[in-house]
Amino acid sequence: MTPCFFGSSERQLFGIHHPAQGAERSTGVVLCYPAAQEYMLTHWAFRKLAGMLAREGFHVFRFDYYGTGDSSGEVHEGRVATWVQDIRHAANELQDVTGVQRVALVGLRLGAALAVRAALEGLSTAALVLWEPLVQGEAWLQELELLQARRATRTLFPQPESPLEVREELLGFEFPRALREDILALDLAALPAWPATRTHLVVGTPRPEYQRLQERLEGTGLPFQHHLVPEEGAGGQESTLLSNRILQTITTLLKEAA
Amino acid sequence: MTRERICTFGPEQSLVGILTEPDPAKVLPGAPVVVLSNVGLNHHVGPYRLWVELARQLAGRGVTTLRFDLSGLGDSRPRREGGSDEFQRAREETRAALDYLEQKKGQKQFVLIGLCSGVDSVHAVTVADPRVVGAAFIDGYTYRTLGYHLRFHLRYLSPRRWTRYLRKRKLPARLREAGEADEVYTREYPERSQLTQDYKHLLERGVSLCFVFSGGMGLSFNHEGQFFEMLSPLKLEGRVTYAFYPRADHLFSVPEDRGELLRKLTAWAVGTVPPRALTG
């Protein structure tokens, strides 16, 4: 693992390069974290996935978006367009450092939606792996709002109930209105165009929104694969996010595609 | 301008951390370096980015901070050597961080801050290493006292508890119990007599101590006076920095609660600088 800061000095981003072990592949992998609380819960899984891919000969790069983790910026400065741009910078960094010719993007939850946006906006992509993706921003926000309600039941001093756009906080992270608007505008299943690359949808449990996305992708005529990987453990969001079987599936499918 | 740089150090060069340094023009003379590491399995960024925000706030006040991952956690590699005793490794690696800062930066005084399980190595290293001049323990060791037991048995008379119960009933069934298990924190604490001795020695050594408790420790800590009660032979009132935030959860997940904690820790850390150094 080689940590680094990249980007401009005023806007430095933190990344970790996992060098390829053994025979190097010409395709590198950029991992796109989810946001906010999901980032905290899954950091370990990403480190593990990066190690698994590196052992298969991939140069792997994972990084913190602006305003998150060790990158510069404040949490409240987070915006979808900024984070999409960060993915492009990360892909360039990986190519500059390693010389890989092509880059595949693996994104979890919001990271998956950002990866699609980055590819649509011109980032040449060898493959897209959408891992439990945020398909529709509104549904994602509703899901997290339920977890927020659960948090309120665990304290004797809950905050007064108020809508997200007023309280501007989601599961412990500042969540300004502008970011909420950005998220609400996301709907992968309604995108008029799709990046011209192979797409993999990797999920632990079937959901109507994944079905919608699958239909949309099948309609594009572009190469597409759906991988249903039943979750381990007691179930629930946390165990899905940390499923080792999903990490293995992602490693195998990238290996076969490269 | 605050500068952040990556450090690799320690046994087998396995440890990775971020050093946050203040603008050279704003360095607080004589300030010890603050050292932070993992909270449970959270990486060096800290839960809800707590350590990043603390490091940047401290830099704004002229104080340098190192936040790092213990081996095998976050962005630090596991060590090949080092044995299977996790606690022993954490102590060695925390001291390795101090050695690194002493060798590379010429720093001779340090402040350690730990939250939850992180308190174990902070306590052990503070006791053993005279370079540590300040230590903060967030949701650290607690012992049930008479006052605790009285409040515990009266808890069903609390309207807040009944309101919480009713709120919980409104949640979808699948969410009601999910994730409850991960909110139970069980660790082995030192004997109270040993801890009392340790704090006595630290105070005699002139170490600045800060104790913070959240409302998330309800099963073992339930009122403001419990801290002084559980260590009553030491008569700690006025001798240490202390705060109890009953509204906050264990990881200070609500931004306002976190803001309070950050202000408290920053003021305390800046306050560990000897007056002579401040006046120059």
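Me: Where in chain B is T272(B) placed?
Reply: T272(B) is in the loop between α9 (255-271) and α10 (275-279) of chain B. Helices (H or I, at least four residues) and strands (E, at least two) are DSSP runs, numbered from the N terminus. This is a predicted model, where local features need pLDDT of at least 70, side-chain atom pairs count only at pLDDT 80 or more, and totals for chains, interfaces and linings use all residues. Residues are numbered from 1 along each chain as its sequence is written, and chains are lettered from A and ligands numbered from 1 in the order in which they are written.

Me: Why is T272(B) called buried?
Reply: A residue is buried if 20 or more other C-beta atoms, placed from the backbone, lie within 10 Å of its own, exposed if 12 or fewer, and partly exposed in between. T272(B) has 23 such neighbours, so T272(B) counts as buried.

Me: Which residues does T272(B) touch, leaving out those up to four places away in sequence?
Reply: They are P32(B), V111(B), V133(B), G134(B) and S208(B). Contact means that the two C-beta atoms lie within 7 Å. R151(B) is 121 residues from T272(B) in sequence and 35 Å from T272(B) in space, C-alpha to C-alpha.

Me: What makes E92(B) partly exposed?
Reply: E92(B) has 19 other C-beta atoms within 10 Å, so E92(B) is partly exposed. The residue belongs to helix α2 (residues 86-105) of chain B. G10(B) is 82 residues from E92(B) along the chain, and their C-alpha atoms are separated by 8.8 Å.

Me: How do you know whether E12(B) is buried or exposed?
Reply: The count for E12(B) is 12 C-beta neighbours inside 10 Å, so E12(B) counts as exposed. E12(B) lies in the loop between β1 (3-9) and β2 of chain B.

Me: Why is F252(B) called buried?
Reply: Within 10 Å of F252(B) there are 26 other C-beta atoms, so F252(B) is buried. F252(B) is in the loop between β8 (241-245) and α9 of chain B.

Me: What is the phi of E12(B), and what is the phi of F252(B)?
Reply: E12(B) has a positive phi of about 60° and is not a glycine. F252(B), also not a glycine, has a positive phi of about 50°. Most residues other than glycine have a negative phi.

Me: What makes α1(B) and α9(B) oblique to each other?
Reply: Helix α1 (residues 50-60) of chain B packs against α9(B) at an angle of about 45°, with the axes 10 Å apart. Axes are lines fitted to C-alpha atoms over the stretch in contact, and angles run from 0 to 180 degrees between N-to-C directions. Angles under 35 degrees count as roughly parallel, over 145 as roughly antiparallel, 65 to 115 as roughly perpendicular and the rest as oblique. The two helices are therefore oblique.

Me: Which residues make the contact of α1(B) with α9(B)?
Reply: From α1(B) come L50(B), E53(B), L54(B), Q57(B) and L58(B), and from α9(B) come R258(B), L262(B), L265(B), T266(B) and A269(B).

Me: At what angle do α1 and α9 of chain A pack?
Reply: Helix α1 (residues 36-55) and helix α9 (residues 244-257) of chain A pack at about 35°, with their axes 10 Å apart. Residues making the contact include L49(A) of α1(A) and I250(A) of α9(A).

Me: How many residues of chain B are in contact with chain A?
Reply: In chain B, 29 residues are in contact with 27 residues of chain A. β2 (15-21) and α5 (159-169) of chain B each supply at least two residues of that side of chain B. The most comes from α5(B), with 5 residues.
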